[in-house]
Amino acid sequence: MAVCVAVIAKENYPLYIRSIPTENELKFHYMVHTSLDVVDEKISAMGKALVDQRELYLGLLYPTEDYKVYGYVTNSKVKFVMVVDSSNTALRDNEIRSMFRKLHNSYTDVMCNPFYNPGDRIQSRAFDGMVTSMMIQARRGKESLVARAPGAWSPEEAAKGGAEDL
Amino acid sequence: MDAPEEPLPPVIYTMENKPIVTCAGDQNLFTSIYPTLSQQLPREPMEWRRSYGRAPKMIHLESNFVQFKEELLPKEGNKALLTFPFLHIYWTECCDTEVYKATVKDDLTKWQNVLKAYSSVDWLIVVVENDAKKKNKTNILPRASIVDKIRNDFCNKQSDRCVVLSDPLKDSSRTQESWNAFLTKLRTLLLMSFTKNLGKFEDDMRTLREKRTEPGWSFCEYFMVQEELAFVFEMLQQFEDALVQYDELDALFSQYVVNFGAGDGANWLTFFCQPVKSWNGLILRKPIDMEKRELIQRQEATLLDLRSYLFSRQCTLLLFLQRPWEVAQRALELLHSCVQELKLLEVSVPPGALDCWVFLSCLEVLQRIEGCCDRAQIDSNIAHTVGLWSYATEKLKSLGYLCGLVSEKGPNSEDLNRTVDLLAGLGAERPETANTAQSPYKKLKEALSSVEAFEKHYLDLSHATIEMFTSIGRIRSAKLVGKDLAEFYMRKKSPQKAEMYLQGALKNYLAEGWALPITHTRKQLAECQKRLGQIENYLQTSSLLASDQHLTTDEREYFCREILSFASQQTDSPGHRVALPMHSFAQLRDLRFTPANAVVHVGGVLSVEITVCSQMPVPIHVEQIAIHVHFSIEKNSYRKTAEWLTKHKTANGVVNFPAEASPFPTSQSSLPALELYEMFERSPSDNSLNTTGIICKNVHMLLRRQESSTSLEASSGLALEDGAHVLRCAGVTLQPGPNTIVFRTQAREPGTYTLRQLCASLGPVWFVLPHIYPLVQYDVYSQEPQLLVEPLADSLLAGIPQKVKFTVTTGHYTVKNGDSLQLSNVDAMLILCPEENRAVIYSNTREKVSDALLRVQSSDKVTSISLPAAPTYHLIEFELEVLSLPSAPAAGGESTLLGVTEPHGKHKDTQKTGHCMATTDHKVSIDCPWSIYSTVIALTFSVPFRTTHSLLSSGTRKYVQVCVQNLSELDFQLSDSRLVDTHDSTDLRLIPLNTESEQCIHSRQAVFFVWELKWTQEPPPSLHCRFSTGFSPASEEQLSVSLKPYTYEFQVENFFTLYNVRAEISPPPGTEHCRTGSLCSLDVSITRLSDLLEVDKDEALMESDEYFSTKLMYEVVDNSSNWAVCGKSSGVISMPVTAQATHRVHMEVMPLFAGYLPLPDVRLFKYLPHHSAQSSQLDADSWIENDSLSVDKHVDDQLDSGSVKSRGSVHSAASSEHKGLPMPRLRALPPGQAFNSSAGTQVLVIPSKDDHVLEVSVT
């Protein structure tokens, strides 16, 4: 469940930040801001040699007791940060990746708008709608877990998946 | 794979277990061999090929050799692998058949039977040969025989199950070989056994796992089974494989928990949901926590027990694999997931219990890692461990809050009870850490024991965490921990310690523009500053918070009231004031000047209207709002003149201010753009360019230090400028949102006034906008009085009244009653003063103020205009009519062509270009009341007409034509045109042939006048005439003044006709008409019409015996190429100077075209003898060569000029009298002297019959 989605400018100020209304917004602001530390670390760790074939997805930035924070950085150093509820174990890496890709596409659309000044806060309704769908869709993902047959599970895969999550 | 030889850090526990190999048979023999065997076995690795496609591994084998006992063999269904004997060896030294038969065989059979009973097929019989022993015996069978016997008896088709070891204790090559072969065999068999038994075990395990959906399945049982496998792998030093077993178990368990959370609960899991009673944290110091393992085995483990045990195993294996940082990472994840799982399973946990567990676990993991790594390693891997540190800090903090250790008063009884409960859950300290001073258990216990101890531990942890975060560059994380610390200090009532952390965090958030954290931190900071009594800072923070959109209205109002209450209470101590930045209080939006160009004269009133957007949530009554103004006198005097200012200032007078930097992007990108201006510096003496350059006007914005730009809170630099010039507005109530405030000022000193600061005062609280940017200025100027005289129309016309506008700019001079302008009169220009002439007074902004009657008094020399009284900086405007008089006619021979209105020597000849009017300037000197100097004003008048004249002849009758061209845009009425002979010859009469006395002459048109010239006696050689005509503008009905007529003087010479030239063309004899191409005869007769006259007396005249003759040259020219002249076309004749003397010339011409052709021209020239030659060489040559064309040209010129410029031709003839060129020369006869009577006649030429083409030329 994406509980908070943030787009952060190259200079590290928020271009867009939205969290689910039931939670304390401030908490997510602090969380996303702090996660920038790890984003910076990961970006600099990637080094210059890897810039060309660089993976935009930064993976899990850091877990907290209740949330997992994932990161993604565009080539123009705009960061996407997504906070996911830790209890939502159904969300695997691939799903997070695809969510980021969707976010990136939508962000690209925002940038293509000639009336949008790069660096301004994002107020696009389309982008907002996309983020909303991401928060709702993620909830649906949890429900689908019930339908999952326990017999189809194999420990080797699970172990592998677990390792991937690391 | 890690090689086992690699020395492991000593603290790491090496597994004691080794695969069990049983030994039967000769125990003494084995004991003797054992040392060598146990040493040699692991020496060389062996490749282990694995089932299920797993990668083969090189493995060093070790074994635990135990004496064979039947009990060792596992019973059916026993899953224990650790105690499983993988190989059974029977040792014998027997070399004696007898002995073999007697004892060994039986023993072997018994051994075999036992093995068979347990269906164990992994066995080996070792026959040790000993040469020494053999020697002693006599009845020795060959070595092979015993081995063969054994093979025969026992190794049914498995001959390799019996091996020979020769002389194992000797040091010979044979012994070595034998050992090698034996060891290889042993290893191979061991591995085979592993493969087989483990494979079987794994199959069983899988089968068991597949049964997990069955009701009776137990995770704990399965756990024990799979762990057995893990143990074996660990035993075989295959830690990677062992770890995989635990990871699989981990994943299986996690999945069950997840599924349970999704409603798919397994029965066995409910057991793990029992309430948490013990939270003593992870135990990582033992390789196997048997205590916990037994709990699992007995199915009594809680979730925390299981997780703890599982992780301790994983940790052990990871440390074997030398991956301590993964331990840290997994630990954090484990702790998080445990907390989640307990939530998911809805396990009841006493408050704080988990915090204790997590805290202890964090420290345990950290200490465990520290225990196996050196300092340098730890320091370079802080990034991995810092998460645990901060997690521990967080947990200790929440424990502190929970147990009332953070409050000022200390824990209450409830808190103490809770603490006791928590400590109870920790149980007793475990023996392995009992001797460690800094054990997690001791730390926690101590921290919870007292307020002071808690503070010490919490601060230690926090500082360590902050330091670690900072050292790896995680500034934001460090600030966040710092904020927690600040909160703690605030609780502990030590705001002075908290402030530093809050400021640090706030600075960080401001720098990166995070609005909500900014607001939140500011709120905390406000509280802190309030407690510290930092009034100024508190007010500043309050003002920022009061304007913060992210706070609720109530909160904003609270902070606003804080400011207001401070402002009202401190009124008693004057002088003290608190300067705060304006931007949080109110923002300057725009500024509007009236007058709009922001230029005002000395004494004028300027108003400045500013729009200020109040950021406060409530209306604020401000005692005074002031704008501090900087005054400067412009050095460059021109730049501040009234004209320059009025021209160069923006007209709308509105200055918009960019919105103050909101909390949002305060990043580098929002830096203002460069504002560059060009700069020229000129030398004051000659105005030449000294320097030029580019000035950046917003350097102060661009070049300030980065930090200072981010710390908007800094109250420094808010120095109020103390200038004498302040615009004030008192008692203003600022409503939330935009407010308009108007300042009025009366301009005093001329110069430039720059608005520098805006300041709103609220008792001792002053809100200051330190820089008003962009630059706002207004200018005050002082102007000298000025008089401007300009014509109303484009140009003034001479001869008729013209309007001239007088503008008096009063400037700083007040025009009093009685002040007047004194105009010195010019003869040729009249100043007309119509009745009821009014002067209008305008204000500086061109608004009409009043008008007054203008009094003009004229005397001989001076015209005095009394000005109406007008205040300073006003305009007086009035109009006067002026009339440029035609001057008296020019006297004497210096007469001009245009005898019109010309004062002496001012005539500009503009005849050259066709339609320009002749102009004349009048200079008027004006004395103004404000100056001792006279102002000289030049007025230029244009003559509207151009006049030309010409002489026309008809035989001997003469006519004078005058052409008047109107060059102006006006229409005129001409009247009373007259031509008079200025010499008043009595015998000459000019008879006008003009019928109308009044004529209208339209703009850009001409009118012709003709007079006939009649005389009674011999006419004079020259005639002086004056043409005059009255004129008035056609449009105006009535003129106040009578206008002088327009005059034109000219002279006509040699107008009397002397010769008559007649030409006649007759067709060839016998034909009726001329034909093209056939010769016709041209007869020219030149007839003298008068006797000797005065005009004939020139050098061509020859006298002999009272008989006068003159030489003439004739020339036949056909310029239109109608005729071809055949033969001589010109000739010189001697003409007797007597009346009716005739000379005839005959020549032949040929028509070239058909039709009515004009006759060729016949021209007459005076032929002057060579001794008085004056013309140029060219003329003479042309004539000698008889090149008619070249002579023609020259003569034509002379003719033309002679006819128009009568005087000029005479002059040219007379001026070069004495040039001694021996060449004859020609002089054209003046046009009046020769009359061509056949001019204009035409001859009919018919086309010749041969022509097929009829050419018609129209001429």
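Analyst: Let's start with strand β26 (residues 838-843) and strand β27 (residues 848-853) of chain B, which pair in the antiparallel sense over five bridges. Two strands count as paired if DSSP finds at least two bridges between them. The strands themselves are DSSP runs of E with at least two residues, helices are runs of H or I with at least four, and both are numbered from the N terminus. Before going on, note that this is a predicted model: local features need pLDDT of at least 70, side-chain atom pairs count only at pLDDT 80 or more, and totals for chains, interfaces and linings use all residues. As for bookkeeping, residues are numbered from 1 along each chain as its sequence is written, chains are lettered from A and ligands numbered from 1 in the order in which they are written, and side-chain values use heavy atoms, without hydrogens or water.

Back to the hairpin. B:Val840 has B:Asp851 of β27(B) as its bridge partner. Four residues sit between the two strands, and B:Arg846 in that turn has a positive phi of about 65°. That's worth a second look, because most residues other than glycine have a negative phi, and most peptide bonds are trans.

With a relative accessible area of 26%, A:Lys77 is partly exposed; buried means under 20%, exposed means over 50%, and partly exposed is in between, using a 1.4 Å probe and protein chains only. B:Gln237 has a positive phi near 65° as well. Its loop runs between α6 (219-235) and α7 (239-261) of chain B, and at 23% relative accessibility B:Gln237 is partly exposed. For the peptide bond, look at B:Thr594 and B:Pro595, which are joined in cis with omega about 0°. B:Pro595 is in the loop between β9 (586-594) and β10 (599-601) of chain B.

Now for another piece of strand pairing. In chain B, three strands make an open, mixed sheet in the order β42-β53-β49. β42 (1074-1075) and β49 (1155-1158) each have a single partner strand, so one side of each is left without a neighbour in the sheet. β42(B) runs parallel to strand β53 (residues 1242-1246) of chain B, with two bridges joining them. There, B:Cys1074 stands opposite B:Val1245.

Next, the aromatic rings. Rings of Phe, Tyr and Trp (its six-membered ring) pair if their centres lie within 6.5 Å; planes under 30 degrees apart count as stacked, over 60 as edge-to-face and the rest as tilted. By that rule there are 48 aromatic pairs over all chains. One of them is B:Trp179 with B:Phe182, edge-to-face at 5.9 Å centre to centre and 65° between the planes. These two are three residues apart in helix α5 (residues 173-210) of chain B, so about one helical turn separates them. Both B:Trp179 and B:Phe182 are buried. B:Trp1011 and B:Phe1027 make another edge-to-face pair, 6.0 Å centre to centre with 70° between the planes. This pair links distant parts of the chain, 16 residues apart: B:Trp1011 is in strand β38 (residues 1006-1015) and B:Phe1027 in strand β39 (residues 1022-1033) of chain B. B:Trp1011 is buried at 2% relative accessible area, and B:Phe1027 is buried at 0%.

Rings can have a charge over them too, meaning NZ of Lys or CZ of Arg within 6 Å of the ring centre and within 35 degrees of the ring normal. A:Lys27 lies over the face of A:Phe28, 5.3 Å from the ring centre. B:Arg161 does this over B:Trp123, at 5.7 Å.
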